[in-house]
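Have the model open beside you as you read.

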Amino acid sequence: MALPVILYGQFERADKQSRDLVADSLRRNGWLVAQALAARLEQREDVPPVELNAMLARFADNGTILKLMFKPSQGGAAGGFYFVASAPRVPADQMGADLDVLARHGILKSLGDSCTWDKPVEIRYRQMDGAEEILTSVIPIQGRRGCWALVSADNSSALLNTAFGRPYWQTDNIRMAAFIYLAFAGLALLVVLKARGALRHFRRVAGDIRRGGAGAARFTDRNPLPELASVAGDFDRLVQDLHRAAANIRGTAEENAHSVKAPLAVIRSALQPLKAVTPREDQRAQRALQLIETALSRLSALISASQRLGNDTADFIEAPKLRINLTHVVADALHNARDISIDRQIRFIRHLDENVRVLAPDGILDIIVENILDNAIGFCQPGGTIETTLTRSAGRVDLVIDDEGPGIDPNKIEHIFDRNFSFRPAGTTAGEPAHAGLGLWIVRHHVEALGGSVAASNRSGGGLRMHVRLPLVP
């Protein structure tokens with residue numbers, strides 16, 4: 001868009017310089033003709049018009065038009081001037097147009113008042129017959145009986161096609177250049193729109209693959225442009241690699257869990273005879289056996305959590321992304337949490353917007369909400385309150401879960417989403433071996449995989465607040 005403006009300014013300046021040179025040459029030519037006439041008129045002012053016409057004809061060539069006017073010292077019509085001679089001959093009915101042009105630009109008045117005119121002239125006008133002319137100079141000649149004025153004009157095609165007497169943008173060259181530029185600009189716009197449409201189509205296909213999981217769509221099957229066929233093939237191979245990676249993740253998680261659970265089962269079975277033969281009064285031995293059982297339970301929990309995380313990670317790649325009603329997920333999780341914690345008399349308060357939908361694989365949102373509620377229940381004192389709020393706002397979903405537990409040490413609150421971090425003070429369910437420090441880490445992993453964020457903060461009145469933000473699906 002800037003290029004035509006820059007080039008137009010430079011071309012206009014160059015054209016003006018060229019025009020000034022030509023105009024100066026035309027004015028000098030008119031001045032020379034005027035000097036020749038002045039020399040003849042000084043000898044005799046009553047030169048016959050036929051002789052004046054002949055003199056002008058010697059200088060009028062290549063489109064040059066010369067017109068001689070005279071204003072007597074006393075009287076005169078048409079602004080005080082009479083047409084005396086011209087070359088080539090001008091019909092009487094066309095003289096009025098010349099006088100009108102000269103009068104309209106104040107030239108006749110200046111000549112009539114003082115017989116002076118020293119300004120450059122570039123006036124384009126049209127005769128009665130439609131012919132176009134360019135007035136190039138007006139040279140006054142002082143005489144004993146009045147004022148003579150030699151008017152020079154030009155109607156050659158070479159001069160009419162230039163910017164003489166009109167704006168530069170009205171020239172044929174500029175109009176042709178503008179037409180060519182607009183044609184190429186339109187072609188470039190069509191190319192851009194075509195490429196944009198193809199890229200938007202690619203985006204839609206990518207969205208379908210992301211939402212639909214494995215086998216939902218292929219770029220090569222829905223590519224409208226042959227030029228993008230190789231790119232579409234590369235994208236399809238990339239998707240296939242992701243599917244293979246998901247299968248490897250799921251298979252590795254299953255194999256690791258199976259290979260570790262078998263030795264753990266053997267250790268647990270071998271531990272039973274040791275417990276039977278160890279005297280109860282041997283506190284040191286009993287304590288060692290208890291630590292072994294606790295470590296086995298923790299290892300089992302870690303293995304199960306790791307296996308589940310591997311499957312969930314594979315699901316993010318392969319499983320279809322569905323429009324999940326998060327309101328129903330939260331409501332069901334709260335109902336289950338109430339049943340689990342009924343013996344501790346924990347009160348659950350909820351404020352849930354209706355039909356809040358999020359794009360996610362099936363079951364992932366359940367894991368997020370259940371882990372946060374499990375953490376809140378573990379920290380909440382018997383008879384305490386857990387408040388859950390679910391709202392939608394401009395393009396996002398906010399899930400806030402508040403508990404009335406002891407909160408988190410401000411120095412450690414930044415680490416609660418770290419893997420294997422667990423901090424449960426006395427009075428909470430700290431002794432349960434199932435808490436392996438993976439719950440909130442899994443929450444952050446899943447929330448960020450869905451394009452959201454999760455944060456924790458201590459409440460001013462005591463307790464912990466978990467704030468989850470997810471993209472809203474209309």
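A helix here is a DSSP run of H or I with at least four residues, and helices are numbered from the N terminus. Keep in mind that this is a predicted model. With that in hand, find helix α6, which spans residues 172-212 and contains R203. R203 has a relative accessible area of 70%, and because anything over 50% counts as exposed, R203 is exposed. Together with R196, R200 and R204, R203 forms a positive surface patch.

Now turn to the charged pairs. How many salt bridges does the count come to? The count is 13 salt bridges, and a few of them are worth a visit.

Start in helix α1, residues 2-43, where D15 and R19 sit 4 residues apart, about one turn of the helix. Their side chains meet in a salt bridge, with 2.7 Å from N to O. Are D15 and R19 buried or exposed? Both are buried.

Next, move along to helix α7, which covers residues 229-277 and holds both D234 and R237, 3 residues apart, again about one turn of the helix. These two form a salt bridge whose closest N and O atoms are 2.4 Å apart.

The side chains of K275 and E293 meet in a salt bridge, 2.6 Å from N to O. Because K275 lies in helix α7 and E293 in helix α8 (residues 283-318), this pair ties together parts that are 18 residues apart in sequence. E293 is partly exposed, with a relative accessible area of 26%, and K275 is partly exposed as well, at 33%. Elsewhere, salt bridges that share partners join D15, R19 and E122 into one network.

Finally, look inside. In soluble globular proteins, nonpolar side chains tend to be buried together. The largest nonpolar core in this model has 43 residues, and the members touching the most others are L326, L365, I386 and L470. Helices and strands both contribute: among the elements that each supply at least two core residues are helices α9 (326-340) and α11 (439-449), along with strands β9 (385-393) and β12 (464-471). Which element gives the largest share of this core? That is α10, with 9 residues.

Key. Residues numbered from 1 in each chain as written. Predicted model: local features only at pLDDT ≥ 70, side-chain atom pairs only at ≥ 80, totals over all residues. Heavy atoms only, no water. Patch = residues over 30% accessible without salt bridge, like charges linked within 9 Å, V, L, I, M, F, W, Y side chains within 5 Å. Areas by Shrake-Rupley, 256 points an atom, 1.4 Å probe, with all protein chains shown as cover. Salt bridge = Lys/Arg side-chain N within 4 Å of Asp/Glu carboxyl O. Lys, Arg positive; Asp, Glu negative; His and termini not counted. Charge placed at Lys NZ, Arg CZ, Asp CG, Glu CD. Buried < 20%, exposed > 50% of the residue type's maximum accessible area, 1.4 Å probe, protein only. Core = buried A, V, L, I, M, F, W, Y, C linked by side-chain atoms within 4.5 Å.
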